[in-house]
Every structure is written in structure tokens, then in C-alpha cells.
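Here is a short briefing to read alongside the structure. Please keep the viewer open as you go through the points.

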Amino acid sequence: MRKDLIQLKQGEKAKIVGILGKNSLCKKLDALGIREGIEIIKLSTISSKGPVIVQVGNTQIALSYNIAKKIIVEN
Amino acid sequence: MKRILLFGNPNVGKSVLFSRLTGVDVIISNYPGTTVEFTKGYLKFENQTYEVIDVPGTYTLEPTTKAEEVAVKILEDNFKNKTEGFETIVINVIDATNLERNLNLTLQLINKKLPLLVALNFWDEVKHRGISINYQKLQEILDVPVVPICARSGEGIKELIKKLKYAKISNFNFNIKQKWEKIGNIIDSVQQTSHKHHTFLERLSEISIRPSTGLVLSIIILFLTFYITRLIGENLITHIFEPLFNNLYLPTIKKFITKITSSEILHNLLLGTTPQPMESFGILTTGLYIPFVVVLPYIIAFYLILGVLEDIGYLPRLAVILDRFIHKLGIHGYSFIPILLGFGCKVPGILATRILETQREKIIATVLVLILAPCIPQSAMIISLISPYGIKYIFITFIIIFLNGILISFLLNKLFKKTETPELFLEIPPYRIIHIPSLLKKLYIRIKQFLTDAVPLIFGGIILVNIFEISGINNLIVSIVGKIFMPVLGLPKEISSIIILGFLRKDVSIALLAPFKLNIHQLIVSSVFMTLYMPCISTLFSVIKEHGMMISFKIFLLMLIMSFILSFIIRNFLVITIPLL
């Protein structure tokens with residue numbers, strides 16, 4: 001099922017199928033290894049509109065709510 | 001001379017490697033035209049001197065932040081527009097526990113066709129994490145020397161230095177558009193992972209980024225930060241800096257000046273008019289007392305604690321946990337660091353606003369640093385002055401200041417509405433054990449920088465105050481403030497000169513209120529007013545240095561007007577709500 005990172009539950013693993021947003025955002029995410037086709041685990045959400053923490057490979061990354069909403073995953 | 005650029009992602013241990021490679025002769029400088037800093041030092045090996053530059057960490061050569069832009073510019077300056085007489089090589093520092101992500105930058109560097117060497121850091125951690133890497137094979141594929149190192153223990157550093165002369169331009173060719181595929185292939189052939197156990201540090205990491213436990217932990221750590229800073233700072237002052245100044249420096253300089261000149265004007269200018277180093281306004285007394293005895297001990301204490309939090313890797317977690325609170329003020333979690341510093345002493349807080357990306361964030365953070373709370377010495381004085389009247393008045397005073405700070409920055413954010421609030425996006429590095437020598441080196445560099453940055457400013461300020469005093473402008477200000485402003489705030493006009501003194505040192509001037517037998521209304525009003533009306537002289541000049549004249553002037557004007565209105569409101573509010581005994 002397709003959803004964004006906000007909808008993904010804590011501890012769930014999913015595959016990134018798309019990133020909505022400008023090229024500059026994609027570039028920024030790509031530099032840290034967040035890109036289409038990669039597996040991502042949601043580790044934690046700080047608060048309802050707060051940052052989301054994810055794991056990609058061995059890297060943990062905090063994303064703002066607005067960025068997390070633009071990352072579409074499938075599991 | 002040869003030059004080495006240490007290039008790599010943030011949090012890969014570049015600074016520890018830098019401090020391993022270089023001696024004490026280390027300089028921090030701003031990249032021209034930016035506030036981004038880089039560190040430079042020297043390495044001597046086999047009669048050859050290398051200049052080593054610790055380039056700001058970057059994930060990519062297609063910059064997305066200011067720091068990354070500078071990293072790329074430094075690279076371009078060295079290779080495109082070749083600096084005369086320099087032969088440059090790049091050491092790409094890689095986090096071996098995170099090979100895939102790090103190779104992204106490595107491939108981009110290889111693609112630039114420059115002399116390269118790869119240092120595979122955290123080699124000791126690889127095993128614990130159930131990873132095995134065939135570095136010889138990696139070396140074959142990348143076609144540049146690959147040296148496994150452990151910067152913290154020093155393992156592999158000698159080998160790395162020996163290999164410097166083998167740094168080479170790689171012949172590894174690939175299409176940069178397919179870099180991730182290529183990286184995937186490399187990983188498949190050089191790395192194997194097996195099941196790994198959760199380490200203690202990983203568990204701790206989990207705790208610190210969960211909403212509830214993370215918040216509790218952050219409160220504990222913030223509390224400890226203040227407590228320890230205050231403890232170290234005060235002990236340094238009372239046991240080292242003050243005795244040295246009063247017993248050693250002061251008598252010597254007095255004797256010396258009296259010997260070389262009999263001119264009274266010069267005498268007053270250099271040594272001041274009264275024996276107290278704090279109030280004499282002498283260039284060689286107050287001018288040195290403030291930066292060295294009053295501010296420096298707190299700077300040392302703060303930077304030490306900050307360095308520990310940085311090197312452990314706690315700060316990004318703090319930023320994430322606190323983001324939800326301060327995002328509404330138009331700044332993201334990282335801006336909390338200057339604000340945190342500002343709780344202790346405003347000067348390091350203001351200097352730390354440099355790390356922020358946008359003008360808007362810098363201004364809002366600066367205002368928050370200035371008005372959200374008094375600095376630690378001033379807080380201590382307010383507490384001791386008000387506590388005889390009951391602890392609730394202390395709370396009232398601090399809550400008034402705090403709420404006002406939140407309100408003002410909220411309004412300021414509305415003012416900036418046109419520009420976008422930056423979005424939080426940052427790596428949360430694993431917790432690491434501190435490497436004490438590089439921690440101390442960083443502390444040393446920062447203190448040196450404070451001394452060269454702030455001391456001349458404070459000096460200039462003292463000269464200015466002297467000119468005001470001699471020309472009589474000072475008395476004019478005191479009498480205007482006494483006649484016009486004090487009655488409106490319900491304060492006795494005698495304290496106006498003390499309020500002006502607060503410009504020099506706020507905690508002392510609050511302490512000087514003690515003999516005036518102020519009632520509780522007046523104490524609260526004067527504490528609030530003196531916290532907010534103007535930053536102290538050291539802070540004032542730091543703000544000017546960071547923001548320039550125009551913006552600083554606007555900030556100070558805002559503070560002056562706001563503090564006056566606020567004091568007026570609380571005075572009238574207190575008269576109604578809290579009856580005097």
C-alpha cells in the first residue's frame with residue numbers, strides 16, 4: 001500500500017517509491033542516501049507535527065514533518 | 001609547500017584525525033565573504049611541511065547548504081584556480097561503518113580527477129557492528145590508496161602519513177548518473193554484514209530520540225549543562241582568575257604606570273578613577289578585568305561542556321527533540337544551541353548564531369539569546385536579591401522575562417513571514433566516545449578565537465565609556481534617565497546611575513541595588529528592566545560584530561523600547577495584584 005512517511009507506523013519498514021517536491025529537495029535527500037527504491041525504517045515521531053526519525057542503511061536521519069510528508073513509500 | 005584537504009561527510013571523525021595530524025599551531029578562519037569556518041594546521045613529515053585544512057563536512061559536491069558550498073569552493077580554489085606554489089592532495093575521510101553513503105562523496109571526488117587518498121575511519125567499530133570490509137579490494141576498485149584507520153586510538157595514522165606520497169588521480173571510470181548502482185556493486189564485492197547485537201550506546205540513542213524519554217533526558221542534560229558550567233565558571237573565577245588579577249596583575253601594573261607617567265589624565269584613562277577593577281573604567285583595569293576575569297571563565301566552562309555534547313553526538317538529538325517547541329518561533333531545532341549558550345553567557349551565544357543558515361534565523365536567535373533569560377551571573381544576583389521576599393517572586397520575575405521573550409520572537413517571526421521557515425533535515429550520528437586530546441584542542445582554538453574576537457571589542461567599549469565620562473555625557477544620561485524614566489517605572493531616581501552601570505556588568509549592578517531598600521514591586525521591575533534594556537558591553541559588541549551596525553541598532557532599539565513598555569506594564573500590574581506589606 002502506498003502512503004507517505006507520516007502515515008507509516010513506528011518501527012515499520014517500507015520501500016521509497018517516490019519523492020514529491022522540487023529537484024533541490026531530491027538532491028538534498030539523495031546526498032544522505034534517501035532515494036527511490038531504497039528501504040527505509042521509521043524509528044520515531046517526535047510529536048504529531050514534529051520531526052520524523054528514519055533509518056536508511058546505517059544512517060539515522062531526522063526529517064521535518066513537511067519533508068516526511070513528501071516521501072512516498074510502499075510496504 | 002604541500003597542502004592536504006580533509007574531505008568527508010559530517011560526523012566521520014575528520015576533526016579527530018585533524019588533531020592527530022597537526023600540532024598546536026592551529027588557526028580557525030572564516031571562508032572569505034561567509035561566516036563558515038574552517039581550521040588549518042601543519043604536519044611535518046620527512047622534512048616536508050604539509051598545510052592541513054579541515055574542510056567543513058559535506059555529503060555531496062552539489063552543495064545544498066552554506067557549509068557545503070564552502071567545502072566545494074575550497075576544493076575549486078585549490079584545483080581549478082590553483083593557488084601558486086601549492087601542491088594539493090585530498091584525503092577523503094570515510095566512516096567505515098557507513099560505507100555505502102560515504103562512497104557517494106568518494107565517487108564524486110574521483111570523478112573530479114584529483115590526487116586522492118581514502119582514510120577508512122572507525123575501523124575498530126566495523127567488527128563490533130558485524131561488518132567486514134575487504135579494503136584491499138576497495139583500493140583496487142577505486143584505484144587510489146585506501147588506509148584503514150582509527151583516528152581516536154591513533155591506529156593507522158602513521159600508515160596514512162606514509163601513504164601521502166602515493167595519493168593519485170584515479171583511473172576508475174563510471175557514469176556519475178549511475179553512481180548509486182556503481183556504489184551498490186562496490187558494496188556487494190567488498191562488504192559483508194552479519195547479524196549484530198545492539199550495543200549500549202545504540203540503546204541510549206533510541207532512548208534519546210523517543211518523544212517522552214527523549215524529552216526527559218534533554219531536560220536532565222540541559223539542567224546538568226547549566227549546573228556544571230556555573231560550577232566550573234565560578235570556581236575558575238574565585239580560585240584562579242580573580243586572585244591572579246587582584247594579587248598579581250593589579251599591583252604590578254599600578255606600580256608600573258605610576259612609575260612611567262605622572263599625568264593625571266593618562267593615569268585615569270589607563271587605571272581608572274577608583275580602586276575597584278569593576279567600576280574604575282580604566283583601560284588596563286576594567287578593560288582587562290571584564291574579558292579575562294568576568295567572561296573568560298564562563299567561556300571556558302561553556303565551550304568545554306559544549307565540546308563534550310558535540311563530540312558525544314548529543315546535539316543533533318537535542319535539536320530534534322526541541323524542534324517542536326521552537327519551530328513555531330520561525331527557527332528550527334538547531335537554533336537552540338546558541339540560545340542554550342546564551343542562558344549562561346550571552347557572548348558565546350551570540351557568536352554561536354554563526355552556525356545558522358539564514359539571516360532570519362540568525363536575527364530571531366540573536367534576539368532570543370538576548371531576551372529569553374538573564375545570563376547565569378545575573379540570574380544568581382536576581383535570585384539572591386529577591387529570595388528574602390519569597391521564592392514565588394523569583395518565579396514571577398523569570399516567567400515574565402521568559403514569556404516576554406517568547407512573545408517578542410513570535411511577533412518577530414510574523415514580521416519575517418515572507419521568507420520560508422527552514423525545514424529540519426539532519427543526520428543523527430551514532431553516539432561516540434570522546435577523544436580527550438581533540439576535545440581540548442577544540443577548546444583551545446575556541447578560546448583563542450574568543451580572545452582575538454571579543455577582547456579588542458571590550459577594549460574599545462571601555463575607551464568609549466571613558467570618553468563619555470570625561471566629556472560629561474555620562475552625567476547627562478544619568479540625570480535624564482533619573483528625571484524622566486525612573487518615576488514612570490516607580491523607581492527611585494538615585495538608581496539611574498546603577499542602571500547605566502549595568503551596561504558594563506549586569507550582575508554587579510543588580511547587586512548594587514541592595515542598599516537602596518527597594519520594595520518587592522521595585523525589585524521585580526528593576527530586575528526585568530535591567531535584564532532587557534540593553535545587552536552588556538561585551539554582548540553589545542559581539543552583536544555588532546555578527547550583524548553589522550544597522551541590524552544591531554534595530555535590535556537594541558527594539559530591546560530598549562520593549563523593556564520600557566514591559567516594565568511599565570508590570571509595574572502597574574503588580575501595584576494592583578500584589579499589595580505591599
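The contact draws on 27 residues from chain A and 28 residues from chain B. Keep in mind that this is a predicted model. About 2500 Å² is buried between chain A and chain B, and carbon and sulfur atoms give 58% of that area. Within chain A, the residues that lose the most area to chain B are Leu32(A), Ile46(A) and Asn58(A), which together make up 23% of what that side buries.

**Salt bridges and polar contacts**
- Three salt bridges are counted between chain A and chain B.
- One salt bridge joins the side chains of Lys27(A) and Glu62(B), at 3.7 Å from N to O.
- Nine residue pairs are in polar contact across the interface of chain A and chain B, with both residues at pLDDT 80 or more.

**The side of chain A that touches chain B**
- At least two residues each come from α1 (23–31), β3 (39–45), β5 (59–63) and α2 (65–69) of chain A.
- By class, this side has 13 nonpolar, 10 polar and four charged residues.

**Strand pairing between the chains**
- β5(A) pairs with strand β10 (residues 425–428) of chain B in the antiparallel sense, over four bridges.
- In this region, Gln60(A) stands opposite Ile428(B) in β10(B).

**A look at Thr285(B)**
- Thr285(B) lies in the loop between α10 (264–271) and α11 (286–312) of chain B.
- Thr285(B) has a relative accessible area of 2%, so it counts as buried.
- The side chain of Thr285(B) reaches the backbone oxygen of Leu271(B) at 3.1 Å.

Notes. Residues numbered from 1 in each chain as written. Chains lettered and ligands numbered in written order. Predicted model: local features only at pLDDT ≥ 70, side-chain atom pairs only at ≥ 80, totals over all residues. Heavy atoms only, no water. Buried < 20%, exposed > 50% of the residue type's maximum accessible area, 1.4 Å probe, protein only. Polar contact = N/O pair within 3.5 Å; in protein donor to acceptor, adjacent residues only side chain to side chain. Contact = heavy atoms within 4.5 Å. Buried area = accessible area lost by both parts, 1.4 Å probe. Salt bridge = Lys/Arg side-chain N within 4 Å of Asp/Glu carboxyl O. Nonpolar A, V, L, I, M, F, W, Y, C, P; charged D, E, K, R; others polar. Pairing = 2+ DSSP bridges.
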